[in-house]
Structure formats: structure tokens, C-alpha cells
2 protein chains.
Amino acid sequence: MPIADTGSTIVAPCTPPGAGAIAILRLSGPRAFAIAASFLKPVRSLKNPRPRMAYMLSVTDGKKLVDKAVALFYKGPKSYTGEDTVEIFCHGSPYIIRSILNLSIKAGASPAGPGEFTMRAFLKGKLDLAQAEAVNDLIASQTRSAHRAALSQVEGSLSKQVAGLKGKLVNLLARLEARLDDSYGDMPPFGVRQFLAKANSVTAEIRKLSNGFENGRRVKEGIKVAIAGAPNSGKSSLLNAILGYPRAIVSPAAGTTRDTVEAGLEIDGFEVNFTDTAGLKVRTPDSIERQGINRTMAAMGTADIILLVKDASIAQSPMDRLALETALKNTGGKTARLIRILNKSDLLTGKVKKIKKGGLVVSCKTGLGLSGVKRAIISGEKKYFTARTTALVTSARHFEALSLAAGELEKLRGLKRRPAFPLELAAEHIRGAASRLSSILGETAPDEILADIFKNFCVGK
Amino acid sequence: MPIADTGSTIVAPCTPPGAGAIAILRLSGPRAFAIAASFLKPVRSLKNPRPRMAYMLSVTDGKKLVDKAVALFYKGPKSYTGEDTVEIFCHGSPYIIRSILNLSIKAGASPAGPGEFTMRAFLKGKLDLAQAEAVNDLIASQTRSAHRAALSQVEGSLSKQVAGLKGKLVNLLARLEARLDDSYGDMPPFGVRQFLAKANSVTAEIRKLSNGFENGRRVKEGIKVAIAGAPNSGKSSLLNAILGYPRAIVSPAAGTTRDTVEAGLEIDGFEVNFTDTAGLKVRTPDSIERQGINRTMAAMGTADIILLVKDASIAQSPMDRLALETALKNTGGKTARLIRILNKSDLLTGKVKKIKKGGLVVSCKTGLGLSGVKRAIISGEKKYFTARTTALVTSARHFEALSLAAGELEKLRGLKRRPAFPLELAAEHIRGAASRLSSILGETAPDEILADIFKNFCVGK
């Protein structure tokens, strides 16, 4: 895709493939109106079409009628892309869609590349890069939380915050530059401490923003939960009880689950992906079991949350200890969280109270404690999501840029120890950090980065 | 679906499921504007929206923004359904689509049933029933011929012709009724012969229309071609050569194809569905072979065309004779057509000319004769399609109604033999035939028939 070529007029269907009542094709570019006029009739409506007015027209191939369709004309810059745009609403037949595409191409349009409409909107300044990137997330959003994160980014919440931080850096830079320009030494002595305190506060804000990325990633991709524990602790029963339907086979025999079982659930607007695992054993002679336990380990290693299940009606076994050790190894010091479940509480009598501090008391049989488990799973995200005053970072690219910007700024501290504060070097670090922030907004994004971002879009977006 | 309830306002997405750049939701009914206004902001644009003008609005759930969307307002009867209609163009995210559906339902809309928008268009007189039925075919059309047949029916070609025929019957009926009302015997003697000649000409027109159904069905559903013949006559090679890619496994060994192999191809705008079959054998000891041959018989029994392949480089074998007999059994007297192929002509030298009248001379190796085979396959349809001055009947319901109408009219001939021409009885037959024609246009269609027709539509159409 030639990045900078907005001289051409592009065309693509904007609705999902497949037969539907209505399909939309979009033309965008300097010749959009003329190309549409080449196959839409009657021509007189198209001499000077009124913007944003729905015209009922005939799509024709030579003299043959292809379809009766509605067309909307948007005069740039008042359009999604900022260019002249025609949207054609036709019957959603594969043949008709193909025909209109071919008619457009014959009249001089090029097939749009992935995300090219949104990229043009970015190039024409209708959206900054962070906003443009979020259009893809918005379209893909399946849950309330993913939708809200994407929509607020499209609406500019992240851009505003990043632009604000960049503004603060530009101010700091201006101070340094004024000082550097002061060749006559007219200015009072430079307040290094005060300057660094300001820089530190910006760094902290950037770190706070980037720290939201783990939450953002989970909101966008779903929270990965591994259900682990000793054999026969009721892991599959817990999965089924949380889901509300019998996804996994359960039996009173230990070792019923051999391979991992996966299932997704939306909890209070968050996507949660569960992996039920084979019980951990101290000895595993069997080769099938060995493979199952390898998968258990892999699931625990990549989980955001480990639900560690223990049968509360029996004493702690060596296998419980092994499961706990493994779980701690996979959560200690990492971002993954451990939630301990004391299962089969229906088999307990007076002991319930005593064990409460060991974890969440649950009975898959009676349903006791299940809603508490669900709440615990989303508590990390939910807290962040509802209390946040900052935007949520959901893109690895943004996270990386923020981390690099903070890293640059943190180098300023080291300069303090020098006998004379090196103004030039400090300015260099601040410029570096500001440029990282600019890259989020696309102010400094080279063509390769653009190509890389938009290739993940579908055609038509 | 309560057929006659157009007092409600319905809502449905009109674009295929799945994430796309844009999705369309449609509201139709007396409260469409009010329901849309309940979640679209700013409210002032919606006080008295200008018809057919695209408004850029916010979809809101309480105070929360759901999406920025474009809305078009159509004031009934100037809309697809004839009712007040709002079309909302939002980002094609599953979450957003679900949210707008829920907001509409919360504000009083009902989820639309299959084809309910088109059914309302019919009930409001925007389309007759034959036109409404073709909307579904138009959306499903994959090939040029299916598209043309469906589009011309949506545009009213069939309806016009059926209405014309009905008009002629009404004229004939008027004559009879004038005569029946002539209780004083003032009129000149009734010209039975002239009357019957007119009726016969209408009957012939109806038969001509209904005779197109086999073509229409093939245009709509594709032409079914079975490739049959003796083992090792090169059936799979022929399939591959026609398709232009190696769909079926071929080898020099006889009996390579055991199960049937299916493949579709568009030839000159017509959909053709090929079934390559196992070679017919005089003796079939093997149980796998037996099953294969059962399938061969089934494919030949349901084919529109049998391509009977013979290896032209060898003399006719008992298996060739068996294949020919079977093919003739499946085409003689039926609408199925037999096309004989003399394959492997590259192995012949001077004999080619001599065998030409035995069938189409083909070489899969050199490509000789392949385009002739393709032409032969679609010749039946093509001739009908390009030369036709009449509409193409593609619906079994219409075919049945036309056949029954013609049958009623043909009963008139029997009345001629009676000493006095029974005017009352003749009027009854003509009324019966006219009512069959009316049912095509939906003038006399009861609710059950409507329900039956529209249940095959998808929701949103």
C-alpha cells in the first residue's frame, strides 16, 4: 500500500462478507463523485449532489440495471476520511457487491487496502494515530469493558492525556532552552531541584498511564484464568458451576480431566477465559498424565489469575502442597494473581468459619461462594476501570512508547550528581521522551509504522 | 410472527453478522422515530428530522456514549416498508449492535421476524408478493443469470405478465357474466368457438410461462451435471479439465474415483454443479465399489445433464453399453439431457472425423473440445435466457399456481362437447384460474402462505 498516495480514489465494501439485506460500498478520494456518477443513474441527480442527502438511484452496467440503490455523498473535509466520499447502500448480494466493485475499478478506483479509509482519515488529520488505532478495537469489541476502552480512545481520551504530558515536557524543554540561549548569563541561577521535581512528576504520570497496560490488555483480550489444584479437588465442577452449564466432564473418580478444557464467559462486562487443568500429582507414571500435567504447567505459566482449588473437607495432602508451590511460583513477583478456593464446603459442618481465612469458601453443589469467586476474578480490572481518571492503555505499541519515554526521563536523575547540571544532555532526554509521546499520536510516525498498524485492519475500515 | 400486526415497530440488523466497518440497524413502524429519539442525541435534530438526510448523532445509553452513528429518517409511505423508518449506521462491533438492539427494544420496539421488513412492504402495497419473494433470491444471487432473473422479478417482470394474463381472464369472465345476466335473451347467440379459442390462447401463454420453470430452477439453484461412463474413460480428467484445476484425483488405473466428487463452476454467468462419479461396471464384487456405484446411480437420477464419457480410442465395451443404457434410462422422457463425450481423442489419428457424430470429440490432454462441452452445458439455459420475451419462473410456488391455472382452463375444452355450452361452469373454471394467478401476486394469499414464504428470509430483510 503506497502510504502517502491519497491522490487516488479507493473503493471497498464496508459490511462483513456474506449475503445480507443491505451491503455498503464506500468510495473515497478526489474522483469519488465522478466515479460514482459513471454507473449511477439518473445523471442529473449527480451533477451537484446535495451532501448527506440519500438519493435513490439505479446502478447500471452499460444499459443493464444492476440494482436500485441508495447513495450518500459527503463533500470533503466533512466526511470520515476527510476526502470526497460516496457511500452506496445496495442489496447485499455477492453478485451485486462484486459488480459495483468492478464498475468502480473500471471507472478508475483502486481497491482499498486494509484500514485504508481510516489511514486516510489519519493522514487528513481527522483522527490522530491513537484514535485511528482504536477504531479497529472498537469494531472488534465484544464486551462492555472492551467497548468502553476502545470508544474512549476513539473519542480521544488517551490522545488528550498523552498530548497533555507532551505539553508539560515541551514547557520543561522551553525552560532549558531559554537557559541555553542565555549566553550573557542574565538569568538567575537554574533551580535544578525544582526542575527535577517537575520532571519527576511527569515521569510518575507517564508510569501511571503505562501501568494500566496489563489491565488494558486483559480488557481487550480477556482475563486468562487457570483452574488448578490437586486431583479430585473439584476443578471441573468449579468451572461448570461458574459457567452455569456442564462444559467439562465431571466424575467422582480422580483424574477425570486429562487435557485442558477451555471456556469463555462474560462477567459483568469483562471477558474471562477459563482453562480447567488436570490435577497436579506428586508422581505421574502414566504418559497421558504426563502430557496433561505439562499442559497444566503451561496454562498456569500464562494465566493472569490462578484459581487454586483445594478440597476443604480433607486435610492438606502432598498434592495440595505441590499445587500451592507451583501456583506461588507462577504468581509470586509476577502480575499474575493467586485466588485460593476452598471447595466442597457442603461437606463441612462447623469447620467453615475456621477455614475462612485460607481462601474463598465455595460449594459447587449448593452454589455457595460462586458469585464471590466471579467478583474476585474481575476485581482487579473493575477497580481500575471504574475509579480511573486516566485513559486505559490497551496497545503494546503505546505501552512501549510510554515505557521508553519514562525511561528517558528517569535518566535525568543521574545528571543531578554532576557538579554542573548538563543542560544540553537534559534537553536531549526530554526531547527523546517527547518524541516517544509524539509517536503515539502519530506526529512522528514513519511510513513503515503506519503500514504495520493498518495491516491489521480489515479491508473496508 | 403475527402477520397482520403492522401496528408494532420492529427492529433488526440488516447487515450480515460478524465484525465489519459499518453495520446497519433498521427500525420500521409507527413509533420508529420516537424510539430512535429515545437513545439518539442531540434531541433537537430529532424533533422534526428532515427525511433522507444523514444526521451524525450520538447513540447513548443513559448518559454513557455507545457510539457515534449516522441516522437516516424515512417518512412513510416513502420508505422501503412504506412505514416510518430509521436506518442507523454504526461501527460494526457485535457489542454496539447488541446495545442498539437492546436500547430499541427497551424503548418499545419488537425484534423483527424473518423477512418482516419485506413482508410489511408487501402488506403496505410497496411490492406485490412475487416481487417480495424475489428480494430473497436477489440477495442470495451469486451469478449473473441468477441475479438477472431475481432482479427482473423484483422489478415486476413476472408480476406484469401474470397481471396481464389475469386481465385477459377477467375479460373472458365478463363476457360470460354479461351472457348470464341476459335473462331476456336479448343478445346474439354465444360464439363458443371464438370464446374457446381466446381461452386456449391464454392457456398457451400460461403454459409457456410455466414451462420456463425448469430453466428458472436451474438458473436459481445451478445446473446439476453428472459425469458418468465406463471405468477409465477419463471422467475425473474431464472434470479437472473443465474446472481448470485438479479437483479430483486421477491415475491411469481404472476405478480411481470411488466416491462421488463434487465441484461448482460459473460458466458464462450460470452456476454449474458437477458430480464426478465412479465408473459403471457390469460386475461389482467389491462392497466399496457397490456403494460407489449406488452413488453414481443417485447422481445420474437427479442430474439435469448427464455427460456420458467414452474412451474414443478403444472399441465400445460392455461397460460402455451399460453406461449408455443407464444414461438413457435417466434422460429419456425426462427433462434431463444427455451429452455424449468422446474422450481421449488425442490418442486417435485419422478416425476423428468418422466418430464425430457419436458425440463431442474431446481431449483433456490437449484441451480440444472443452469449450464446446461448456457451451453445450449452458446452451439450454442460454437460449431461453437471451431470447426470452417472457419472465422467468424460478419459484416452485409460482410454477404450481401457473400449472393449476392452466389445468383449470384446459377443462373448458371438455365443455364444448355438451349440447348447450354450460356458461356457469365455464365461469367457475375461469374464476378458479384467475384466483390461482392472483395468488402469485399475493392478492388472495392467506396468512399461512405469507408466513410460509417469509420464514425462508433472514432476519433484517
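This is a predicted model: local features need pLDDT of at least 70, side-chain atom pairs count only at pLDDT 80 or more; totals for chains, interfaces and linings use all residues.
Let's start with how the copies are arranged. Two copies of a chain are related by a rotation about an axis and a shift along it. The same surface serves both copies, since 100% of the contact residues of chain A recur in chain B.

The contact draws 48 residues from chain A and 48 residues from chain B. The size of an interface is often given as the accessible area lost when the parts come together. Between chain A and chain B about 3,800 Å² is buried, and carbon and sulfur atoms give 62% of this area. Polar interactions are present too: 17 residue pairs are in polar contact across the interface, both residues being at pLDDT 80 or more. Which elements of chain A supply two or more residues to its side of the contact? They are strands S2 (20-28), S5 (64-74) and S6 (85-92), together with helices H2 (94-106), H4 (129-140) and H5 (144-154). S5(A) gives the largest share, 8 residues. By residue type, the chain A side divides into 24 nonpolar, 11 polar and 13 charged.

The charged residues lead us to salt bridges. Side chains of opposite charge can pair when their charged atoms come close. Between chain A and chain B there are 4 salt bridges. One of them joins Glu155(B) to Lys68(A), with N to O at 3.0 Å.

Over all chains, the whole structure holds 48 salt bridges. Within chain B, Arg144(B) pairs with Asp268(B), their closest N and O atoms being 3.3 Å apart. This pair spans 124 residues, linking helix H5 of chain B to the loop between strands S9 (261-267) and S10 (270-276). Arg144(B) counts as partly exposed because its relative accessibility is 31%, and Asp268(B) counts as partly exposed at 36%.

Another bridge connects Glu410(B) and Arg207(B), at 2.9 Å between the closest N and O atoms. It ties helix H14 (residues 396-415) of chain B to helix H7 (residues 192-211) of chain B, across 203 residues. Both ends are partly exposed: Glu410(B) has 27% relative accessibility and Arg207(B) has 28%.

Is the pair of Asp320(B) and Lys310(B) buried or exposed? Both residues are buried. Their closest N and O atoms are 3.8 Å apart, and the bridge links helix H11 of chain B to strand S11 of chain B. In chain A, salt bridges with shared partners join Glu214(A), Arg217(A), Arg218(A), Glu221(A) and Asp304(A) into one network.

Ser363(A) sits in the loop between strand S13 (360-361) and helix H13 (370-387) of chain A. It counts as buried because its relative accessibility is 0%. The side chain of Ser363(A) makes a polar contact of 2.7 Å with the side chain of Asp346(A). Val459(B), in the segment after helix H16 (447-454) of chain B, is partly exposed at 45% relative accessibility. Beyond its neighbours within four places in sequence, Val459(B) has contacts including Ala12(B), Pro13(B) and Pro114(B).

Terms used: Residues are numbered from 1 along each chain as its sequence is written. Chains are lettered from A and ligands numbered from 1 in the order in which they are written. Side-chain values use heavy atoms; hydrogens and water are left out. Contact means heavy atoms within 4.5 Å. Buried area is the accessible area (1.4 Å probe) that two parts lose on being put together, summed over both. A salt bridge is a side-chain nitrogen of Lys or Arg within 4 Å of a carboxyl oxygen of Asp or Glu. A polar contact is a pair of N or O atoms within 3.5 Å; within protein, one must be able to donate a hydrogen and the other to accept it, and residues adjacent in sequence count only if both atoms are side-chain atoms. Helices (H or I, at least four residues) and strands (E, at least two) are DSSP runs, numbered from the N terminus. Ala, Val, Leu, Ile, Met, Phe, Trp, Tyr, Cys and Pro count as nonpolar, Asp, Glu, Lys and Arg as charged, and the others, Gly among them, as polar. Buried means under 20% relative accessible area, exposed over 50%, partly exposed in between (1.4 Å probe, protein chains only).
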